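Subject: Structure handover

Hello,

Here is the structure we discussed. Please open it alongside this email; my notes follow below.

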Amino acid sequence: MLLVVIKKELLRVFTDRRLVFSAFILPALSIFILYSLMGRMIGNMAESIDEHVPLVKVANAPESFKTHIEAEAVQVEYIDSTVMDTTKVEILEGDTELFIVFPDIFEANIEAYEVATKPDVDLFYNPSKEYSQSAKNLLEYTILPEYEETLLTERFGGIAAFTAFTINQENQEAKIVEAGKEVGFGLSFMMPMLLNIMLFAGAMGIGIDVIAGEKERGTMATMLLTPVNRETIAMGKVLSLGIVAVISALCTFGAIIASLPNAANLLAAGNEVSLAGLAFSPMDYIMLLVILIVQVGIFVGLICLISVIAKSVKEAGTYISPIYILVMISAFATVFTSGDVKMFNYFIPVLGNVFAIKELLLRELSYMEFGVTVGISITLILILLKFITLAFNNEKIMLN
Amino acid sequence: MIEVVDFSKVYRLGKKQRSELKTQDKTKKAVDHISFKAHDGEIFGLLGPNGAGKTTTLRTLSTLIKPTKGTLIVQGIDVTKDEKEVRRKIGFLTNELKLDKHFTPAYTVEYFGQLHGMKKEMIKKRRQELFDYFDITEFQQKKIAELSTGMIQKLSLVVSLIHDPEVVIFDEPTNGLDIITAKAVTDYLQHLKASGKLIIISTHIMNVAEKLCDRIGIIIEGKLVAKGHIEEICAELEASNLEDAFFKLYQTHHTDVMKGAI
């Protein structure tokens, strides 16, 4: 009888074009377009900064600097220090990316380094402009240190004697990491959050309609008049909704994977991520599947319970919103936490599963942690099922 | 046979309901110690104004709600002891029960047949009989949303009868139906009666009661104030017809301030 109820619920969803579009196609399409677009835009922005030749204005430029910067990919204008204020306005308006002011007696001080004070070079830039920020970084961390190295070479006839050691000049095996773990590290930033939010959103859209909608339309009471156990009806609704939520999440997950070529930087928060590097063991996949299933079970249980208690679809939507916010907060926990996950976290329903997914992607989830989070989740699912069944047996709730 | 003994139903009233009913009482007695019997092969009618307790009685008989007090026996089974078995034996139809308009009549009937534990072949045979009788056959593959109101009502009737129940319970069977559909429904009720089924209906329309019912029970404010054959009730109250008898009873038992206006 359970299969009959599940079949009907699935038929209801999969033969309704509107529901198919809203539950499976729209979220996946939105994610794909959004992430591809954002990833592409971030990529374009970085490319544009790389290709941009910054305009750098220099006051009191020493001859040695002029010679040094000639070979660099920057457009240089040498100005008089009396027009400093005008140049600062240009920086503010984005017409000039960087303004360098050398001290008047820069070269003299360099030459008289044993007695003179170290000359200080001033850099002026606008941190709210990407080109300006990038030009400042280029000059501060690359061009000016190289220029300094040139001056020191001239001063001492070479600086090798002043360098005690170098770092990773020849070491080709600097990264000591398990195969695929680096990719997992990238994925562990955003993936647990996205998966959880998608699973809940997928179940929420249809879940409310499956129970609260049926109550509101009067079709639920017709079912309650058949000799089927209320437990079976409740279980049929929960299971079918779980299947729908998983399929919805898979569609969205597929969309994320499809958008990876464009959205890798966006999803991995700057860390390396590529499908080629993903190499999870069959056990990893089984554990991930189990965690996702119990997480879906909790979400569906909560949505079903609220939908049973609510008198209408609108009321159910109102009650579910705060829970959605809590789920989102739990999901975001993985993005903003670092270091080892403490054991007590796995005892917290929903949150424990989010951490478990993160740790699994990092290949650091132990069987004990897996067992705790799954055990707690199953316990909560059983409690929710009990409450749903009680609600199904409550005439005041079911018949409003 | 249906046997109702000393049945009462009390609802707890929420704040909103108390406000709507303009009462401070936290409970409302919908049905107050009623008893009656209905036998196989007869149509028994519960007659009364809106809110009298007819629907509550039928809902309790059909196991949708539980009695506060008393015993309700359907074909020898206590409705509080074996709900599933009672549901197997009854077919219940009310305007409040709806069908999912997304599905076709064919699938809807098959689905409810399966929920009643019927075999596929049996469902097919029974569905065809009922579809033919109610002229639904040519619409059976259309979505319910595309059907007329009358056709949907007839389909609801088919859904409640698919498992060939021994007892048929109809809450206001002709309410909201057009004259042709209403005739089809009342004819079918007579057909069911002729085949030995027990039919219990509720109505507030005197004509329906006079035309269909072998015996009736009149409920006013939750109390069963009269029961028996229509002729017996009329004779006892010295009323010319059922409507006259009803208003005499109403005047005697109604406690509302409007009583004097009747």
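First, a term: a cavity here is a set of grid points where a 1.4 Å probe fits but cannot get out. Its volume is the space filled by probe spheres set on those points. Please keep in mind that this is a predicted model.

Cavities

Five cavities reach 30 Å³ or more. The largest cavity has a volume of about 150 Å³. Its lining is made up of 17 residues. Nearest the centre of the largest cavity lie A:T222 and A:L225 from chain A, with B:F92, B:V159 and B:S160 from chain B.

Which elements of chain B each supply at least two residues of that lining? They are strand 6 (90-93) and helix 6 (149-161). Strand 6 of chain B gives the most, with four residues. By class, the lining of the largest cavity holds eight nonpolar, seven polar and two charged residues.

Helix 4 and helix 6 of chain B

Helix 6 of chain B also packs against helix 4 of chain B. The two axes come within 9 Å and cross at roughly 25°. Angles under 35 degrees count as roughly parallel, so helix 4 and helix 6 of chain B are roughly parallel to each other. The crossing is right-handed. On the helix 4 side, the contact is made by B:P105, B:T108, B:V109 and B:F112. On the helix 6 side, it is made by B:L155, B:V158 and B:V159. Six of these contact residues are nonpolar, one is polar and none is charged. Note B:V159: this residue is in the contact with helix 4, and B:V159 is also among the residues nearest the centre of the largest cavity.

Helix 1 of chain A and helix 4 of chain B

Helix 4 of chain B (residues 105-115) has a partner in chain A as well: its axis and that of helix 1 of chain A (residues 2-14) come within 10 Å. They cross at roughly 155°. Helix 1 of chain A and helix 4 of chain B are therefore roughly antiparallel. This crossing is left-handed. From helix 1 of chain A come A:V4, A:V5, A:K7, A:K8 and A:L11. They meet B:Y107, B:Y111, B:Q114 and B:L115 of helix 4 of chain B. The contact residues divide into six nonpolar, one polar and two charged.

Helix 10 and helix 12 of chain A

The last pair lies within chain A. The axes of helix 10 (residues 282-309) and helix 12 (residues 351-361) of chain A come within 10 Å and cross at roughly 165°. That makes helix 10 of chain A roughly antiparallel to helix 12 of chain A. Their crossing is left-handed. Helix 10 of chain A brings A:D284, A:M287, A:L288, A:I291, A:L292, A:V294, A:Q295 and A:I298 to the contact. Helix 12 of chain A brings A:N353, A:V354, A:A356, A:I357 and A:L360. By class, this contact has 10 nonpolar, two polar and one charged.

Best wishes

Key
Residues are numbered from 1 along each chain as its sequence is written. Chains are lettered from A and ligands numbered from 1 in the order in which they are written. This is a predicted model: local features need pLDDT of at least 70, side-chain atom pairs count only at pLDDT 80 or more; totals for chains, interfaces and linings use all residues. Side-chain values use heavy atoms; hydrogens and water are left out. On a 1 Å grid over the protein atoms alone, a cavity is a set of points where a 1.4 Å probe fits but cannot get out, and a pocket is an open set with protein on both sides within 12 Å along at least five of seven lines; lining residues have an atom within 4 Å of a point. Ala, Val, Leu, Ile, Met, Phe, Trp, Tyr, Cys and Pro count as nonpolar, Asp, Glu, Lys and Arg as charged, and the others, Gly among them, as polar. Axes are lines fitted to C-alpha atoms, for helices over the stretch in contact, and angles run from 0 to 180 degrees between N-to-C directions. Angles under 35 degrees count as roughly parallel, over 145 as roughly antiparallel, 65 to 115 as roughly perpendicular and the rest as oblique. A crossing is left-handed if the near helix is turned anticlockwise from the far one by less than a right angle, and right-handed if clockwise. Contact means heavy atoms within 4.5 Å.
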